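Q: Hi! I have a chain open here and would like to talk it through with you. Shall we begin?

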Amino acid sequence: MIAFTSSLLPYGWPGNMAGGYPVTYRDIGYRSSEALFQCLRFDGDTEAQEAIRSAKSPLWAKKRPSHELVD
């Protein structure tokens with residue numbers, strides 16, 4: 001059994017919080033699968049997606065929508 005817990009542990013690299021593994025979806029580059037996932041949550045909101053895509057780490061990509069985009 002392989003458990004995906006921390007990106008720092010063995011087998012952590014395929015997790016969504018692992019940095020350094022960019023992905024491309026519909027010809028748009030994302031720094032991590034977490035950034036892609038968060039962008040998909042904001043379909044059609046280009047401002048939110050750009051804020052997420054500019055995040056330097058998967059954790060910041062996850063936090064950006066809740067901290068910067070709430071009125």
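Q: What share of the residues in the chain is buried?
A: Buried residues make up 27% of the 71 residues in the chain. Buried means under 20% relative accessible area, exposed over 50%, and partly exposed in between, with a 1.4 Å probe and protein chains only. This is a predicted model, where local features need pLDDT of at least 70 and side-chain atom pairs count only at pLDDT 80 or more, while totals for chains, interfaces and linings use all residues. Residues are numbered from 1 along each chain as its sequence is written, and side-chain values use heavy atoms, with hydrogens and water left out.

Q: Thanks. How many helices and strands are there in the chain?
A: The chain has three helices and two strands, and from the N terminus on they run β-β-α-α-α. Helices (H or I, at least four residues) and strands (E, at least two) are DSSP runs, numbered from the N terminus.

Q: Which residues make up the largest nonpolar core?
A: Nine residues in all: Tyr30, Ala35, Leu36, Cys39, Phe42, Ala48, Ile52, Ala55 and Ala61. H1 and H2 each supply at least two residues of this core, and the largest share, three residues, comes from H1. A nonpolar core here is a set of buried Ala, Val, Leu, Ile, Met, Phe, Trp, Tyr and Cys residues joined through side-chain atoms within 4.5 Å.

Q: Staying with helix H1, is Gln38 buried or exposed?
A: Gln38 is in helix H1 and counts as buried because its relative accessibility is 3%. The side chains of Gln38 and Arg41 are joined by a polar contact of 2.4 Å. A polar contact is a pair of N or O atoms within 3.5 Å; within protein, one must be able to donate a hydrogen and the other to accept it, and residues adjacent in sequence count only if both atoms are side-chain atoms.

Q: Changing topic: what is the volume of the largest pocket?
A: The largest pocket has a volume of about 250 Å³. A pocket is an open set of points on a 1 Å grid over the protein atoms alone, where a 1.4 Å probe fits, with protein on both sides within 12 Å along at least five of seven lines; lining residues have an atom within 4 Å of a point. Grid points are joined across faces, edges and corners, and the volume is the space filled by probe spheres set on the points.

Q: And which element gives the most to the lining of that pocket?
A: H2 does, with four residues. The lining includes Tyr25, Arg26, Tyr30, Cys39, Asp43 and Arg53.

Q: Arg26 is in that list; where is Arg26 found, and what is its phi?
A: Arg26 is found in the loop between strand E1 (23-25) and E2. Its phi is near 50°, a positive value in a residue other than glycine. Most residues other than glycine have a negative phi. Asp27 lies in the loop between E1 and E2 as well, and has a positive phi of about 65°.

Q: Are those two buried or exposed?
A: Arg26 counts as exposed because its relative accessibility is 68%. Asp27 is exposed too, with a relative accessible area of 78%.

Q: Last one: where is Lys56?
A: Lys56 is in the loop between H2 and helix H3 (58-68), and is exposed, with a relative accessible area of 71%.
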